[in-house]
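Please open the structure in a viewer and keep the selection tool at hand. The stops below are meant to be visited in order.

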Amino acid sequence: MKYAVRSLKYLLLICVLYVALLWASSIYTYDGMVDVVTLIRAQFGSDRGVWLVVAFVALALFYPRFGYVRRVVAGVDIEADRIRIDNAMKLYGFKFAEVREGRLVYRAEGIIRRITLLFEDEILVRVVEGGVEIEGLRRSAVRIIYQLNAYIEHKERY
């Protein structure tokens, strides 16, 4: 169910961005003489438009596969390194929200940031053998993992 919701959210985002791009194009290219609806009809009335729809749907269908990540950070003790985990999250705009099912849940700070992440702004941290597993939106989680690795490698400084 979560996979389908993420796909639909991403498809909606792609469509909104496409319409915004067409709107900007109509203003700057055609000096406002052609409206967005006419551009959309012209685009989707051709073979290119059909392929564009196919590409949008395919991209949205596969987005949850490549847009989210689950990685293990070795050598992290969730109890002893909790401050380092919190600092890595805070550095990229996430704050501790709750403990759910034995996982630490972090969410993005600020409504604008949450909207840009399509309200898929949870980063989950759980204990696994040899470290912790971090799961969440790839563009946020990978940065946090990189920072946490740096904190762990240089424990004496952080």
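**A guided tour**

Select Ile134 to begin: beyond its neighbours within four places in sequence, this residue is in contact with Val69, Arg70, Arg71, Val73, Ile123, Leu124, Val125, Ala141, Ile144, Ile145 and Leu148, where contact means heavy atoms within 4.5 Å. The model is predicted, so local features need pLDDT of at least 70 and side-chain atom pairs count only at pLDDT 80 or more, while totals for chains, interfaces and linings use all residues. Residues are numbered from 1 along each chain as its sequence is written, and side-chain values use heavy atoms, with hydrogens and water left out.

In the largest nonpolar core, which has 34 residues, Ile134 and Leu148 touch the most other members. Such a core is a set of buried Ala, Val, Leu, Ile, Met, Phe, Trp, Tyr and Cys residues joined through side-chain atoms within 4.5 Å; buried means under 20% relative accessible area, exposed over 50%, and partly exposed in between, with a 1.4 Å probe and protein chains only. Helix H6 (residues 138-153) supplies the largest share of this core, six residues. Helices (H or I, at least four residues) and strands (E, at least two) are DSSP runs numbered from the N terminus.

Next, display the strands. Five of them form an open sheet in the order S1-S5-S4-S3-S2, with antiparallel pairing; two strands pair if DSSP finds at least two bridges between them. Strand S1 (68-74) and strand S2 (94-100) are the edge strands, each pairing on one side only.

Turn now to the aromatic rings. Six aromatic pairs are found in the whole structure; rings of Phe, Tyr and Trp (its six-membered ring) pair if their centres lie within 6.5 Å, and planes under 30 degrees apart count as stacked, over 60 as edge-to-face and the rest as tilted. Select Tyr10 and Tyr63: their ring centres are 3.8 Å apart and their planes at 5°, so the pair is stacked. Tyr10 belongs to helix H1 (residues 2-29) and Tyr63 to helix H3, 53 residues apart. Both Tyr10 and Tyr63 are buried.

Finally, select Phe96 and Tyr106. Their ring centres lie 5.7 Å apart with planes at 75°, so this pair is edge-to-face. Phe96 is partly exposed, at 35% relative accessibility, whereas Tyr106 is buried, with a relative accessible area of 1%.
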